[in-house]
Amino acid sequence: MSCILRLIGTNLDVDSIQSKITIAIDSSWKKGEPRFSQKENSKLHEKSGVTYLVSNAEFEEFEIQKIDAIAFMKQYFCELKKIHLWDGLEFAFLDFGITRRDVVVQCDYFQSELLLLAGQLGFDIELSQYPVSQD
């Protein structure tokens, strides 16, 4: 996973987004579609959404994810600035997937440049921590 931009809304028009933005979509889903198409009796999506790959750096490479996110937001700033105007959009956030380290206190930070860009674009930030595999 690493870092993705997630756009979600109950009435978000996924097809319209795909026709209005040139950034390659990582994945998309529509309200009412099965969450896991391979599973019988799968729960249905309650909202529609789109994701964009911001960084494919590994969970352990949080610093690279942040550098990639800054570059992504700078490169596509004009297109991304239009996102908050889309009908049906309820949530727009950068989701950073990182490793949960085996420490008493885990402290991770975001550079002011990243926070400023995200704020200018109206993006929230999520930090998703995943356990370290015990090989």
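## The largest pocket

A pocket is an open set of grid points, at which a 1.4 Å probe fits, with protein on both sides within 12 Å along at least five of seven lines, and its lining residues are those with an atom within 4 Å of a point. In this predicted model, the largest pocket is lined by Ile 8, Trp 29, Arg 35, Phe 36, Lys 43, Leu 44, His 45, Glu 46 and Lys 47. When these lining residues are sorted by class, 4 are nonpolar, 1 is polar and 4 are charged, and the volume of the pocket comes to about 230 Å³.

## The overall fold

The protein contains 4 helices and 5 strands, and, read from the N terminus, its elements follow the order β-α-β-β-α-α-β-α-β. Taken along the principal axes, the box filled by the C-alpha atoms has dimensions of roughly 40 × 40 × 20 Å.

## Helix 2 and helix 4

Helix 2, which spans residues 62-75, and helix 4, which spans residues 112-121, have axes that come within 10 Å and cross at roughly 40°. The two helices are therefore oblique to each other, and the crossing in which helix 2 passes helix 4 is left-handed.

On the side of helix 2, the contact is made by Lys 66, Ala 69, Ile 70, Met 73 and Lys 74, while helix 4 contributes Glu 113, Leu 114, Leu 117, Ala 118 and Leu 121. Sorted by class, this contact has 7 nonpolar and 3 charged residues, with no polar ones.

Note on methods. Residues are numbered from 1 along each chain as its sequence is written. This is a predicted model: local features need pLDDT of at least 70, side-chain atom pairs count only at pLDDT 80 or more; totals for chains, interfaces and linings use all residues. Side-chain values use heavy atoms; hydrogens and water are left out. On a 1 Å grid over the protein atoms alone, a cavity is a set of points where a 1.4 Å probe fits but cannot get out, and a pocket is an open set with protein on both sides within 12 Å along at least five of seven lines; lining residues have an atom within 4 Å of a point. Grid points are joined across faces, edges and corners, and a volume is the space filled by probe spheres set on the points. Ala, Val, Leu, Ile, Met, Phe, Trp, Tyr, Cys and Pro count as nonpolar, Asp, Glu, Lys and Arg as charged, and the others, Gly among them, as polar. Axes are lines fitted to C-alpha atoms, for helices over the stretch in contact, and angles run from 0 to 180 degrees between N-to-C directions. Angles under 35 degrees count as roughly parallel, over 145 as roughly antiparallel, 65 to 115 as roughly perpendicular and the rest as oblique. A crossing is left-handed if the near helix is turned anticlockwise from the far one by less than a right angle, and right-handed if clockwise. Contact means heavy atoms within 4.5 Å.
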